[in-house]
Amino acid sequence: MLPKITLVLGGAASGKSAFAEGLVMQTDAPRVYLATSQVFDPEMQAKIDAHVVQRGPDWHTIEAPLDTANVLGAIQPDQVVLLDCATMWLSNHLLGEHDIKDATRDLLAALSACKGRIVIVSNEVGMGIVPDNKLARRFRDAQGKLNQKLAEASDLAVFVVAGLPHVLKGQLP
């Protein structure tokens, strides 16, 4: 059985979302896909459309690029949520010039209070070079801090590299 909060980390195109979807699909629970991305161009729309087809019809999708805390508050105890992804959620808040500390605090409180089980996808961005501009450095630092807090709040944390899961905390179901 899936634990209350699972964090799946990985780099871009590492297989983390597919792995997280697989964890959710192992359950018999009603599935909720909590989407945080926003569509700004046709390529992003095509990527989202492909993910929807890949997941299949057994998912209820809720788009919440910013206000994930309220959505998590409405989740029922029998549901399992795939929050994909914390990186886009953070980017949305940074670009909206919101208070990241307040938004993170609200997200962590909502995760803790959520009645269902949650699988969170997030990018690991701290394994590359130091970015060459202020916004990118701010994002990298904020993402690292967010991932640390999410890992601390999680019962299970998995790092996916080249499609291979490596358990960092807890035990796979």
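Which residues in helix 5 meet which residues in helix 6? I will come to that after the overall picture.

This is a predicted model, where local features need pLDDT of at least 70, side-chain atom pairs count only at pLDDT 80 or more, and totals for chains, interfaces and linings use all residues. Residues are numbered from 1 along each chain as its sequence is written, and side-chain values use heavy atoms, with hydrogens and water left out.

The chain has six helices and seven strands; these are DSSP runs, helices being H or I of at least four residues and strands E of at least two, numbered from the N terminus. Along the sequence the pattern reads β-α-β-α-β-α-β-α-α-β-α-β-β. The C-alpha atoms fill a box of roughly 45 × 35 × 35 Å along the principal axes.

Of the 173 residues, 43% count as buried, meaning under 20% relative accessible area with a 1.4 Å probe, protein chains only. In helix 1, residues 16-25, seven of the ten residues are buried, so this helix is largely enclosed by the rest of the structure. The buried ones are K16, S17, F19, A20, E21, L23 and V24.

Now the opening question. I100, T104, L107, L108 and L111 in helix 5 meet R138, L146, K149, L150 and A153 in helix 6, contact being heavy atoms within 4.5 Å. By type, the residues of this contact are seven nonpolar, one polar and two charged, where Ala, Val, Leu, Ile, Met, Phe, Trp, Tyr, Cys and Pro count as nonpolar, Asp, Glu, Lys and Arg as charged, and the others, Gly among them, as polar.

Technical notes
Buried < 20%, exposed > 50% of the residue type's maximum accessible area, 1.4 Å probe, protein only.
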